[in-house]
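This report describes one protein model for a reader who is new to structural analysis. Please view the sequence and the structure below before reading on.

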Amino acid sequence: MQHPAVPEPAHTRTRPIHWVATAAALAGVIAASSLLQPDAATAVQEGRPRVDARKAPGPAPDPADVKLPLDCGPVGVRVVQEASGDLDGDGTPETVAVARCDTGMGTPPSGVYVLTRAGAEAAPRVIATLVEPKDRLNVTDLTVRGGTVLATLLGYSSSEVPNCCPDERKRTTWTWHEGRFISADTGRALSA
């Protein structure tokens, strides 16, 4: 092995003081980065209202806290299904409730209602009716997925078909668009 003619520079050999200085500099960078935080994210999809990421959304409305627009007389109203999610992109969850008269027998028609609240402490209210009981439909398989309401509608091909035995079945979706819910069938009617 040949030795260099010039001695090795002092800065190429690590000494304990070098490691201490490096550790101190790294600790300083980490401490400074924990004090300096970026602003809250405000990214918005096109056509969606801005949501302040620093505000925590309130709980989804409870259908038990709302008088649903369903006239059942003395038997009362029964909520048979519910699903929640942010349907209008405002950062606050809405609840979709399937309700019918609590008759105890038979198959009364369903109503599908969208509930919201103006703030975490505000009383919930009905903002939309997706299915009217007068339409003589029963609703099953209710879900909310990605801002879309999905449900299966069971109906009747004629007024002679008894209420116990719906003979038509169709999958339907509703999405919020320009201030209202738009209905779209996800396919042809399915046989029961």
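Cys 72 is buried, and Cys 101 is buried as well; here buried means under 20% relative accessible area, exposed means over 50%, and partly exposed lies in between (1.4 Å probe, protein chains only). The model is predicted, so local features need pLDDT of at least 70 and side-chain atom pairs count only at pLDDT 80 or more, whereas totals for chains, interfaces and linings use all residues. Residues are numbered from 1 along each chain as its sequence is written, and side-chain values use heavy atoms, with hydrogens and water left out.

## Overall composition

The protein chain contains one helix and nine strands. Helices (H or I, at least four residues) and strands (E, at least two) are DSSP runs, numbered from the N terminus. Along the sequence, the elements of the protein chain follow the pattern α-β-β-β-β-β-β-β-β-β.

Of the 192 residues in the protein chain, 28% are buried. The protein chain exposes about 12,800 Å², and carbon and sulfur atoms supply 55% of that area; accessible areas come from the Shrake-Rupley method with a 1.4 Å probe, and for residues only the protein chains shown count as cover. Among the contacts in the protein chain with a separation of 6 or more, 41% are between residues 24 or more positions apart. Contact means heavy atoms within 4.5 Å.

## The disulfides

How many disulfides does the model contain? The count comes to two disulfides, where a disulfide is a pair of cysteine sulfur atoms within 2.5 Å. With bonded cysteines counted along the chain, the disulfides follow the pattern 1-2, 3-4.

| Disulfide | Distance between sulfur atoms |
|---|---|
| Cys 72 and Cys 101 | 2.1 Å |
| Cys 164 and Cys 165 | 2.4 Å |

The S-S torsion of Cys 72 and Cys 101 is about -85°, so this disulfide is left-handed. Cys 72 lies in the loop between helix H1 (16-35) and strand E1 (77-85), while Cys 101 belongs to strand E2 (residues 94-101), so the pair ties together parts that are 29 residues apart in sequence.

For Cys 164 and Cys 165, the torsion about the S-S bond is about -75°, so that disulfide is left-handed. Cys 164 counts as exposed because its relative accessibility is 54%. Cys 165 has 39% relative accessibility and therefore counts as partly exposed.

## The open sheet

Four strands form an open sheet in the order E1-E2-E3-E4, with antiparallel pairing. Which strands stand at the edges? E1 and strand E4 (125-131) do, each with a single partner strand, so one side of each is left without a neighbour in the sheet. From one strand to the next, the twist averages 25°; axes are lines fitted to C-alpha atoms, for helices over the stretch in contact, and angles run from 0 to 180 degrees between N-to-C directions.

E2 and strand E3 (residues 111-116) run antiparallel and are joined by five bridges. Two strands pair if DSSP finds at least two bridges between them. Thr 95 stands opposite Leu 115 in E3.

Pro 124 is located in the loop between E3 and E4. With 14% relative accessibility, Pro 124 counts as buried. Beyond its neighbours within four places in sequence, Pro 124 is in contact with Pro 61, Asp 62, Asp 65, Val 66, Thr 116 and Arg 117. Pro 124 and Asp 65 are 59 residues apart in sequence, and 6.9 Å separates them in space, C-alpha to C-alpha.

Strand E5 (residues 138-145) pairs with E6 in the antiparallel sense over six bridges. E5 and E6 form a hairpin with two residues between them, and Gly 146 in the turn has a positive phi of about 60°. Val 139 has Leu 153 as its bridge partner in E6.

Thr 152 is placed in strand E6 (residues 148-155). Is Thr 152 buried or exposed? Thr 152 counts as buried, because its relative accessibility is 2%.

The side chain of Thr 152 makes a polar contact of 3.3 Å with that of Asp 141, and a polar contact of 3.1 Å joins it to the side chain of Arg 171. A polar contact is a pair of N or O atoms within 3.5 Å; within protein, one must be able to donate a hydrogen and the other to accept it, and residues adjacent in sequence count only if both atoms are side-chain atoms. Not counting residues up to four places away in sequence, Thr 152 touches several residues, including Asn 138, Val 139, Arg 169 and Lys 170.
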